[in-house]
Amino acid sequence: LKAYRDRKSVADYVPRYLLQMQPDQKHAIVIDTQKARLYLYQNDNGRPRFVADYYVSHGKLGAGKMLEGDKKTPTGVYHVTSSLPAQKLGDLYGTGAYPINYPNEWDKQQGRKGHGIWLHGTPSDTYSRPPKASDGCVVLTNVDLEAVAKNLQIGLTPVIISNSIEWLSIDDWQKERTALNRRIDEWRSDWESRDVERFLKHYSKKFQSGKTDFAQFADQKRKVGAGKEWIKVKISNMSVFRSPGKDELVVVTFEQDYQSNNLSNQMKKRQYWIREDGQWKIVYEGAA
């Protein structure tokens, strides 16, 4: 009832997190654990369009998962990784289950533990479960899960879980999206410039990728940069999702085509950008 009373105008407001969907992402899911709602959005040329919302149950001890077995649902930017049919599961999971990629790269850096977070249905003798009734999964009625499942793309559909959704007007959403896209393009352009120090200014001193910290990353880029006569970098199929929570954190995923005088490669890359002293900086970078 609270979700319906407090509902924002779906025509005038969008969740802050869906800044840019890549062209082949047909839908996105945003979950509000406080209101026990799952919102389904369609990709309308990059702009999220509201489709429907559904009641969900989540972790018995709330949101903000940190540890294995803490009975909490994680908050962050995730995506559906696979589909598990009902015949391979126990009756507890209803008509099927869709695992998400918790813990993601950022969760691992923050020391968050646990696994096996799924979107799934309800037992055959139960229509729906109370608002806080799972061990951390997001649980829908079987009827609603089947409706949502028709729109899920394995490995592509984003699932953003928030304790409480932040809503933006279309104008404010467009401003935030434009500012971030401009910053990402500055990073790409500064890489092409072969000015390594200018390029490195886009990276946080807290940067970490695997076992590589900022100092090691910068040293390697300086050595590689010395042998470059020219660099061309193309970015395509980009998504930009803001992570819920107090940290100003954005997850950027794209296909990168890198060409230079002595190396050419293509890869799918993921970056985490964090806001430091009023500037967006890259705090993690790796293959997606």
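Predicted model: local features only at pLDDT ≥ 70, side-chain atom pairs only at ≥ 80, totals over all residues.
Strand E3, which covers residues 27-32, is mostly covered, with six of its six residues buried. In a regular strand the side chains alternate between the two faces of the sheet. In E3, His 27, Ile 29 and Ile 31 point one way, while Ala 28, Val 30 and Asp 32 point the other way, and all of these residues are buried.

E3 also pairs with strand E4 (residues 37-44), this time in the antiparallel sense and over six bridges. Within that pairing, His 27 stands opposite Gln 42 of E4. The hairpin that E3 and E4 form has four residues between the strands, and there Ala 36 takes a positive phi near 55 degrees.

Returning to E13, the reader finds that this strand is likewise mostly covered, since five of its five residues are buried. Pro 158, Ile 160 and Ser 162 point one way from E13, whereas Val 159 and Ile 161 point the other way, and all are buried. E13 has a further pairing with strand E7, which is antiparallel and extends over four bridges.

The elements that give two or more residues to the lining are strand E7 (76-79), helix H2 (105-109) and strand E18 (249-260), and among the contributors E7 gives the most, with three residues. Taken by kind, the lining residues divide into 11 nonpolar, eight polar and five charged.

Helix H2 is also a landmark for finding Gly 116, which lies in the loop between H2 and strand E10 (118-120). Gly 116 counts as partly exposed because its relative accessibility is 36%, a value that falls between the limits of under 20% for buried and over 50% for exposed. The C-alpha atom of Gly 116 is separated by 27 Å from that of Gln 20, a residue that is 96 residues apart from Gly 116 along the chain.

How values were computed. Residues numbered from 1 in each chain as written. Heavy atoms only, no water. Nonpolar A, V, L, I, M, F, W, Y, C, P; charged D, E, K, R; others polar. Buried < 20%, exposed > 50% of the residue type's maximum accessible area, 1.4 Å probe, protein only. Pairing = 2+ DSSP bridges.
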